[in-house]
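Have the model open and follow along.

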Amino acid sequence: MELVEEVYRLTEDFPKEEIYGLTSQMRRCAVSIPSNIAEGKMRGTDNEFHRFLSIAFGSAAELETQILLSQRLPGTRHLESAKTIDLLSEILRMINALTS
């Protein structure tokens, strides 16, 4: 959930024309990660949990791509995203450990 908060903080400074584009997409991906982990855990079976971890991992990979993209675009490249990337890397490692 800390990652979600950080993504919201980062995207607050995105250009207003990105509100329905990159801002919205990044926020949805970030929210999707803990949401899928929680849903999978509450399903009650290891298979379901692993399936939802896989979905969460996919959302994290999408978010990573979007952050990297934001680092290349003129309206967002000046924003500091190091903390977001660090948190996301930690989440990816944790999900990977849970699925191993």
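Let's start with Thr 84, which is buried, at a relative accessible area of 0%; buried means under 20% relative accessible area, exposed over 50% and partly exposed in between, with a 1.4 Å probe and protein chains only. Thr 84 sits in helix 4, where helices (H or I, at least four residues) are DSSP runs numbered from the N terminus. This is a predicted model, in which local features need pLDDT of at least 70 and side-chain atom pairs count only at pLDDT 80 or more, while totals for chains, interfaces and linings use all residues. Residues are numbered from 1 along each chain as its sequence is written, and side-chain values use heavy atoms, with hydrogens and water left out.

What does Thr 84 touch, not counting residues up to four places away in sequence? The list is Leu 3, Glu 6, Val 7, Arg 9, Leu 10 and Ile 67, with contact meaning heavy atoms within 4.5 Å.

Now the nonpolar core, meaning a set of buried Ala, Val, Leu, Ile, Met, Phe, Trp, Tyr and Cys residues joined through side-chain atoms within 4.5 Å. The largest one has 22 residues, and those with the most contacts inside it are Leu 3, Met 26, Ile 33, Leu 63 and Leu 88. Helix 1, helix 2, helix 3 and helix 4 are the elements that each give two or more residues to this core, and the largest share, six residues, comes from helix 3.

| Residue | Contacts (heavy atoms within 4.5 Å) |
|---|---|
| Leu 88 | Leu 3, Ile 33, Ala 60, Leu 63, Glu 64, Ile 67 |
| Ser 70 | Phe 14, Leu 22, Thr 76, Arg 77 |

Ser 70 lies in helix 3 and is buried, with a relative accessible area of 3%.
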